[in-house]
Amino acid sequence: MQLFPCPYCGTRDETEFRFLGEADTPRPAGGAAAAIAAWTRYLYFHRNRKGRVAEIWSHAPCGETFRMERNNVTHVVYASASLRKERAQ
Amino acid sequence: MPKRYSALSLAVEGLRGHTGWAPAWRRPRPQPAYDAVIIGGGGHGLAAAYYLAKLHGIRRVAVLERGWLGGGNTGRNTTVVRSNYFYPESVALYDLALRLYEGLSRDLNYNIMLSQRGIINVAHSDAEMEICARLANAMQINGVDAELFGPEQVRRVAPALNFDPQARYPVFGGVWHARGGTARHDGVAWGYARAADALGVDVIQNCAVEDFLIEGGVCKGVVTAEGTIRAERVGLAAASHSATLAAKVGFELPTRVYTLQAMVSEPVKPVLDTVVLTLGTGTYVSQSDKGEFVFGGGLDRITSFAQRGNPPVHEFIVAGLLDAFPGFGQLKLMRQWAGIVDVVPDSSPLIGPSPVPGLFLNCGWGTGGFKAIPAGGWLLAHLLAKGEHHPISRPFDLDRFARGALIDEAAGSGIAH
């Protein structure tokens, strides 16, 4: 069982977490006016980097959504940070 | 030219102490240039090379494999072949694969041990039976064999299942797909490799592709540890590493890479002569010729390039097996392993030209690549030979995401992959 760090609850079992997607994927600027290619990329395409990656996860029991940096080959976790706190700064 | 395999050659070699067998394929090192280079020596890449040489007469072909043949997902799957899909586009694709599988041992002169023992998808409620009826109807309309089974018919094909009405996942019936079954996965890779080699294809192992050769925006070859190899056309059939390689030339793929686990029990005497998939847990199982139960289930929901599974999903799959077959509870688990699969949002593959001219894709098979090997190879060969789609691969082009023309088999056939 792998343990992941929830910024709010601390270290918890992997089964409590949900992978939401890669981090740093901003919505296309301009909303409906943005190009189809920009929306297609945003909605469906991923970087699929191998090694150290930054991702968005959520912790189901507390609802915290956070950014986690980890290695997707070794499964080592480097850091996790609440998105809520980032916004408050 | 390798010796033709037959009952006679086996008998003769048996009498001669098996001293006359030659290696099934050569071990060439790469030439400086080919008509076509295929990245990935799994089933799809090897099949593409074979069909290029056989059907299109293009024999200056190299398959580049960074490890050993079939050492990725081709050798890690649970060997199931089937064609029980919902949408006409998918049926055209997977039924082409199954039809090619049906003639493959003879075509390749290599026994892939195809066993069309039938597959039963087991439903556990009235609602699931309605979904099964929908799937069976869609399959029949598309010309694929399918039969809606009640509980007594399920009992006939899989008597070891748990038929207790109080079971957590009671048996209400299911969809029977008689042409589905299993094939020897290594045999498929080896058979294609041997047949392609015999037609002049260079099957090159331990040769990792590090980058692409791009001239004027067009892919003109690949860069490997053994130097640059020029090619008129390049096929990318590297499963989860297709996206990693695509990043080298600046495009992304709509895939996510997950771990998919499989495992086998110790061998016992024959008790299950079909493939059983339970819709409630997603666990599926068949019994190998050696007597082991080969089984697996859903994906590990953590994106990963590690070729091993995590314990929670492992436990869920085993629990699902024991719900369906309580009698298997005394068996020991012998081995557990995992492959990394590239999953597309609509659970359908990516076949077609890439954004870089000269480079063609065959990836995104997710958890269902093995059953599709002959069709994936056949269609990639067509793309590499003609430079354009065959009508069967057209719907699976990358452009379907911009057009919103997804082929959502996860929703359509209810098969999670």
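In chain B, 24 residues of domain 1 are in contact with 29 residues of domain 2, where contact means that the C-beta atoms, placed from the backbone, lie within 7 Å. This is a predicted model, so local features need pLDDT of at least 70 and side-chain atom pairs count only at pLDDT 80 or more, while totals for chains, interfaces and linings use all residues. Residues are numbered from 1 along each chain as its sequence is written, and chains are lettered from A and ligands numbered from 1 in the order in which they are written.

On the domain 1 side of that contact, β3 (80-81), α3 (88-102) and α8 of chain B are the elements giving two or more residues. Helices here are DSSP runs of H or I with at least four residues, strands are runs of E with at least two, and both are numbered from the N terminus. The largest share, 4 residues, comes from α3(B). Sorted by class, this side has 9 nonpolar, 12 polar and 3 charged residues. Ala, Val, Leu, Ile, Met, Phe, Trp, Tyr, Cys and Pro count as nonpolar, Asp, Glu, Lys and Arg as charged, and the others, Gly among them, as polar.

As for the domains themselves, domain 1 of chain B covers 32-110 + 184-253 + 346-412, and domain 2 covers 119-181 + 256-343; the bounds come from an automatic or database domain assignment. Their centres, taken over C-alpha atoms, are 27 Å apart.

Now over to chain A: 21 residues of chain B are in contact with 18 residues of chain A. On the chain B side, α8 (241-246), β12 (256-265), β15 (293-303), α9 (311-324) and α11 (400-403) each supply at least two residues. β15(B) gives the largest share, 3 residues. By class, this side of chain B has 13 nonpolar, 5 polar and 3 charged residues.

Note on methods:
Two residues are in contact if their C-beta atoms, placed from the backbone, lie within 7 Å.
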